[in-house]
Amino acid sequence: MSSALSAAGLSRRYGKTWALHECSLEVPAGSVTALVGPNGAGKTTLLEIAVGILEPTEGEIRLLGTPMRGQTPSLLSRIGFVAQDAPLYRNFTVLDMLQVGRHLNPRWDDALARDRLRRLRIPRNRVCGQLSGGQQAQVALTLAVAKRPELLILDEPVARLDPLARREFLESLMEIVADGGLTVLLSSHLISDLERVSDQLILLSEGTVLLAGSTEDLLAEHAVLSGPRHNVEAVAARCQLIDARATGTHATVVVRRLEGPVDPRLTVDAVDLEELVLAYLRRRPAPLNAAEPVLVGGVS
Amino acid sequence: MIEFRLHRGSGVSTYMQLVQQVRHALRVGTLRPGDQLPTAKEVVATLAINPNTVLKAYRELEHAGLVHTRPGLGTFVARELPAPPLRELHSLGRRLRQWLDAAYAAGLEDEDVDALIATARQELASEDIA
């Protein structure tokens, strides 16, 4: 599959701090890729580099198959971006905003924008500052989509929305994706927002990529084991250990690539995306080696 | 027309939930040959899930011969899903009850029974792959 976005060794430094450090990642064309990680992980920095707002300190980024360096204006017309908090001019009416979009974008689709706003019942003559949070988010999305982008980038699109508006926003975003021809890269610090909509995951923490790949593959490759501690330890020693918690004689571990039959005294459960992300975020910074003592007290 | 629902935290992947709901509807007769399944766009507009998830579920159903896709028209139910033969069902049920009797008599609890079944299923599945 070709990539809508690929980065190699991408780094960005602010003074002495690396906001991004040697990030290599791919956003497959046609995917909905979730960029997740705690606040301060570098998500916004990465997205701002991708849309040309920031320059990388080091590394390469390719958009839609083209290296970004020197190509910015022509490439950016093929990319839609919605920054955090759906930035709109508060004193402009919705129609004013459409006019701004029409003037700034060569491939602007006015009919699409108007049709979307009508179906969402957004009052076109109201100033943006008086719209609800959900409506503002929908207007910002409409402006980005009417550009007819090939890659749509959204920074924390649902963070400030109430649960109903969040759901409506994601439904309408998925409708756009269902029409085809669009790749979406969206960030959130809450994985639960994106679990249903994304098919690719990139987990960022402290400026580096902790985990990346197809959501389905990642979920299938991991499992949660729990039960008597020594039985858990015996199984954990055979696979890649991601996270371990033990209380007295009981232990729970998240493992990767569990193979072969498992002791029936253990419970094996599928992970959901949130558990998986938490397991990687809790993980000790140095890669855990299954041969070293994994749980408090060690392997006997 | 079938309306999909999702159960969060069931441990069953989203696309598999869609597959199972179609199979269930076929089994109980709420979906019949010729009926149309909702389009991916209609499904994602109510469930807020990735359209590829819907397409994957439909591909799986198509692979099983249960539905067929007419390009530009939609996805339609191709055939009924035969229920397991009644006689087999009775004898399997009877043998399972005998087995459960023996398990409880040996002091196993429901969770032990579930764990044994899950393990046996896993072993069978890995033998199939090997």
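Good morning. In chain B, the domain assignment, which is automatic or drawn from a database, gives domain 1 (14-77) and domain 2 (86-129). The C-alpha centres of domain 1 and domain 2 of chain B lie 31 Å apart.

What you see is a predicted model, in which local features need pLDDT of at least 70 and side-chain atom pairs count only at pLDDT 80 or more, whereas totals for chains, interfaces and linings use all residues. Residues are numbered from 1 along each chain as its sequence is written, chains are lettered from A and ligands numbered from 1 in the order in which they are written, and side-chain values use heavy atoms, with hydrogens and water left out.

Let me turn to confidence. pLDDT is the predictor's confidence in each residue, from 0 to 100. Chain A has a mean pLDDT of 87, with 94% of its residues at 70 or more. Over residues 285-300 of chain A, however, the pLDDT is below 50; this stretch has 24 contacts in the model beyond near neighbours in sequence, a contact being heavy atoms within 4.5 Å. Chain B averages 89, and 97% of its residues score at least 70. The ipTM of the model is 0.74 and the pTM is 0.81.

Next, the interface. Chain A contributes 22 residues to the contact and chain B contributes 19. About 1700 Å² is buried between the two chains, and carbon and sulfur atoms give 50% of that area; buried area is the accessible area (1.4 Å probe) that two parts lose on being put together, summed over both.

How many salt bridges does the rule find across the interface of chain A and chain B? There are two, a salt bridge being a side-chain nitrogen of Lys or Arg within 4 Å of a carboxyl oxygen of Asp or Glu. B:Lys56 and A:Glu216 form a salt bridge through their side chains, at 2.2 Å from N to O. On the side of chain A that touches chain B, the elements giving two or more residues are helix H6 (163-178) and strand S14 (267-270) of chain A; helices (H or I, at least four residues) and strands (E, at least two) are DSSP runs, numbered from the N terminus. The largest share of that side, seven residues, comes from H6(A).

Finally, over all chains the count comes to 15 salt bridges. In one of them, A:Arg148 pairs with A:Asp109, with the closest N and O atoms 2.9 Å apart. This pair links distant parts of the chain, 39 residues apart. Thank you.
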